[in-house]
Amino acid sequence: MEELYRLIEAKIKASGYPGAVDGMEFYDEVSAEADEQENGKYLFFIKKSDTLVYHGCMDIMDQEFDLHYVDIHDGDKVYHVDFDA
């Protein structure tokens with residue numbers, strides 16, 4: 001799992017996002033969103049603070065999810081992270 005967390009961190013940093021990134025925390029938050037849904041394609045919204053929000057798209061299957069992208073809205077800036085690339 002550590003390799004997955006590092007990959008998440010690297011992709012987010014490569015988007016230009018200047019904030020601190022914790023791959024395990026990010027994965028846990030997205031996973032919690034997936035756990036609340038049935039199988040299908042979903043758009044999700046995670047509000048981290050008044051100025052930091054994640055918008056993304058994922059497919060949810062029985063025991064896993066496939067995160068396609070997340071847009072990190074930080075104030076008036078948006079950082080697109082494509083997890084399919």
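A salt bridge is a side-chain nitrogen of Lys or Arg within 4 Å of a carboxyl oxygen of Asp or Glu. This structure holds four of them. Before I go through them, some ground rules.

The model is predicted, so local features need pLDDT of at least 70, side-chain atom pairs count only at pLDDT 80 or more, and totals for chains, interfaces and linings use all residues. Residues are numbered from 1 along each chain as its sequence is written, and side-chain values use heavy atoms, with hydrogens and water left out.

Now the bridges. Which residue does lysine 48 pair with? Lysine 48 bridges to glutamate 29, and their closest N and O atoms are 2.6 Å apart. This pair links distant parts of the chain. Lysine 48 sits in the loop between strand 1 (40-47) and strand 2 (52-60). Glutamate 29 sits in helix 2, 19 residues away. Helices (H or I, at least four residues) and strands (E, at least two) are DSSP runs, numbered from the N terminus.

Next pair. Lysine 41 forms a salt bridge with aspartate 59, with 3.2 Å between the closest N and O atoms. Lysine 41 is in strand 1 and aspartate 59 is in strand 2, so the bridge ties together parts 18 residues apart in sequence. Lysine 41 counts as exposed, at 54% relative accessibility.

Another one: lysine 47 meets aspartate 50, at 3.8 Å from N to O. Both lysine 47 and aspartate 50 are exposed. Salt bridges with shared partners join Glu25, Glu29 and Lys48.

On to the largest pocket. A pocket is an open set of points on a 1 Å grid over the protein atoms alone, where a 1.4 Å probe fits, with protein on both sides within 12 Å along at least five of seven lines; lining residues have an atom within 4 Å of a point. How much space lies in the largest pocket? About 230 Å³. That volume is the space filled by probe spheres set on the points, which are joined across faces, edges and corners.

Who lines it? Helix 1 (2-14), helix 2 (23-35) and strand 3 (65-74) each supply at least two residues. Helix 1 gives the largest share, four residues. The lining includes Leu4, Phe26, Asp66 and Phe83. By class, it has nine nonpolar, no polar and three charged residues.

With Met1 they form a nonpolar patch, with about 280 Å² of accessible area together. Methionine 1 lies in the segment before helix 1. Methionine 1 is exposed, at 57%.

Last, two distances. Threonine 51 lies in the loop between strand 1 and strand 2. Threonine 51 is partly exposed, at 49%. From threonine 51 to glycine 75 is 24 residues in sequence, and 4.9 Å in space, C-alpha to C-alpha. Now serine 31, in helix 2. Serine 31 is buried, at 16%. Serine 31 and lysine 77 are 46 residues apart along the chain, with 25 Å between their C-alpha atoms.

Conventions:
Nonpolar A, V, L, I, M, F, W, Y, C, P; charged D, E, K, R; others polar. Buried < 20%, exposed > 50% of the residue type's maximum accessible area, 1.4 Å probe, protein only. Patch = residues over 30% accessible without salt bridge, like charges linked within 9 Å, V, L, I, M, F, W, Y side chains within 5 Å. Areas by Shrake-Rupley, 256 points an atom, 1.4 Å probe, with all protein chains shown as cover.
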